[in-house]
Amino acid sequence: MKANTLKLSALVMLMALTGCASKPTFNADILLTGGLLISGDGSAANAKKVAICEDKICGIFAPDSTHIKAKQVIDVSGKVIAPGFIDPHTHSLSDLKSSTRNNNINYLTQGVTTVINGNDGGGPVDFNATKHTLHANGIGTNVGLLVGHGSLRKQVMGKVARHATEKEMSQMEALLEAAMEQGALGLSSGLYYVPGSYANTNEVVRLAKVAAKFNGIYDTHIRDESTFSIGLIPAVQEAIDIAKAADIHLHLAHIKALGVDVWGQSEQIINLVESEQQRGLSISADQYPWLASGTKLHSALMPKWVMADSKKAFHARLKDPRLQDQIDRELAENLRRRGGAKAILITKFHDKSLEGKTLEQVAKEWNLSAISATKKLVLMGQVRIASFNMSAEDVENFMQQTWVVTSSDGTDGHPRKYASFPKKLKSYVLDKNLMSLETFIQRSSADTAKYFNIKKRGQIKPDYFADIIVFDPKQISVNASFAHWNVLTEGMQYVFVNGEIVINDHKFTNIHAGKVID
């Protein structure tokens, strides 16, 4: 009896040492098998099985593991399994609130499972009301919200062209504090845009200090990306000064050197940022992979003083004969900075016959100067444009920095809303080899989650939310262009949002599984 017991013990020990000991059954809802896991943390790709239980990742296993029992097993052989991308700069809030575009399909097909809204100073002031609206509506992606400095200003003092009074500052601080308590990710500013451009640095510092109390971030469209006002380098320095004074993480939105006057200054900006990082300041940035920015015609070219107060007052100044010489001079200079009328492409306008034409072409058709054509267009309505104003060298220089993550700044009239992540993958990862696939995924997921303080998203790890994409990088198809900006990307085989399959074998399942992050 004793000898048999010893033999049995020896057999159990041998089985354990050789990996033959039986393991308890692991139960899961979904099991992805056969894929190559790129976890998002920068580590090399590995063959793994990934298990999903409800809305979480519940296990990562060796490819030969046999003890996992799942309700649904999906064979993704030959495909990459990666965390869903997190886009730190979108303008998708109106889509998410709509009844027809709330699926955010243009982001899901790029592999984006979480979008940030409220950038450029335009974020909603009432966080809870926005969260309730989005959850009641149903949303296709997760969404994080920033509170806009411009929105705070508009609510408290309108679009008046002056600094805030002490009473107005207190009101803005109180509104921001309430939103931060409710779950906002931080403060955003658009110091280039009206009304943010009317604020001084101290106003922004005071608000950034409020966000800092809640471990929020300061995300900024800096005051000048060219030579429109204070200049590119001084504008970056202003952002740094604000972050230092408020003791807050600084995130530089859609980092770029816009226009011929500042081409080549990417090196100076990189040196400035990294010098401050070495001194202990926390700084990051995002970038979209296109040589053209996208905005509204009046935002791009109109002098800020002309746009003060109401739309009625703006248009009255634009038609006032006494102001035309000054307006024309400033318009001409702004147009020069952006490369001239040939570099301005009309992409979205109520007069569809003008879409796809440059400002130069429209001016010729109308037998007007580019300046007169600009004023006429602005008075006719909202004109969205693509402004070809960046150099390839600056774009690539910024892209290769470890602190620059992927974004879209997605707006109507620009292919970046439909194809920024695949564009970067195809053009800069696969074609130009500027970074590895693992690095691209890290800078499109985990790094963004880290900079924006988003918990348990951005990596394939146990107990993280199951925001997962499955794709073959070589099969991703970038279909959007400046001529046809709103064509969906193809190639994402599976997309999971909070454990739900929202793209199943390349087809949208009509499931709205997104949540508001707080």
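## Close-up views of a predicted model

**View 1. Helix α9 passes helix α15 in a right-handed crossing.** A crossing is called right-handed if the near helix is turned clockwise from the far one by less than a right angle, and left-handed if anticlockwise. This is a predicted model, in which local features need pLDDT of at least 70 and side-chain atom pairs count only at pLDDT 80 or more, whereas totals for chains, interfaces and linings use all residues. Residues are numbered from 1 along each chain as its sequence is written, and side-chain values use heavy atoms, with hydrogens and water left out. Helices (H or I, at least four residues) and strands (E, at least two) are DSSP runs, numbered from the N terminus. The axes of α9 (residues 266-278) and α15 (residues 392-399) lie 9 Å apart at an angle of about 20 degrees, the axes being lines fitted to C-alpha atoms, for helices over the stretch in contact, with angles running from 0 to 180 degrees between N-to-C directions. The two helices are therefore roughly parallel, a term for angles under 35 degrees, while those over 145 count as roughly antiparallel, 65 to 115 as roughly perpendicular and the rest as oblique. Ser 266, Glu 267, Ile 269 and Ile 270 of α9 meet Asp 394, Asn 397 and Phe 398 of α15, where contact means heavy atoms within 4.5 Å. The residues of this contact divide into three nonpolar, two polar and two charged; Ala, Val, Leu, Ile, Met, Phe, Trp, Tyr, Cys and Pro count as nonpolar, Asp, Glu, Lys and Arg as charged, and the others, Gly among them, as polar.

**View 2. Helix α6 passes helix α7 in a right-handed crossing.** The axes of α6 (residues 166-182) and α7 (residues 201-213) come within 9 Å and cross at roughly 25 degrees, which means that α6 is roughly parallel to α7. On the α6 side the contact includes Met 169, Met 172, Leu 176 and Met 180, and on the α7 side it includes Arg 206, Leu 207, Val 210 and Ala 211. Seven nonpolar and six charged residues make up this contact, with no polar ones.

**View 3. Ile 441 is one of the residues with the most contacts inside the largest nonpolar core.** Such a core is a set of buried Ala, Val, Leu, Ile, Met, Phe, Trp, Tyr and Cys residues joined through side-chain atoms within 4.5 Å, and buried means under 20% relative accessible area, exposed over 50% and partly exposed in between (1.4 Å probe, protein chains only). The core has 104 residues, and its largest share, eight residues, comes from helix α8 (residues 232-246). Leaving aside neighbours within four places in sequence, Ile 441 is in contact with residues including Ile 38, Val 80, Phe 85 and Phe 471. A second, separate core of 29 residues includes Tyr 198, Leu 331, Val 378 and Ile 385.

View 4. Most residues other than glycine have a negative phi, and most peptide bonds are trans.
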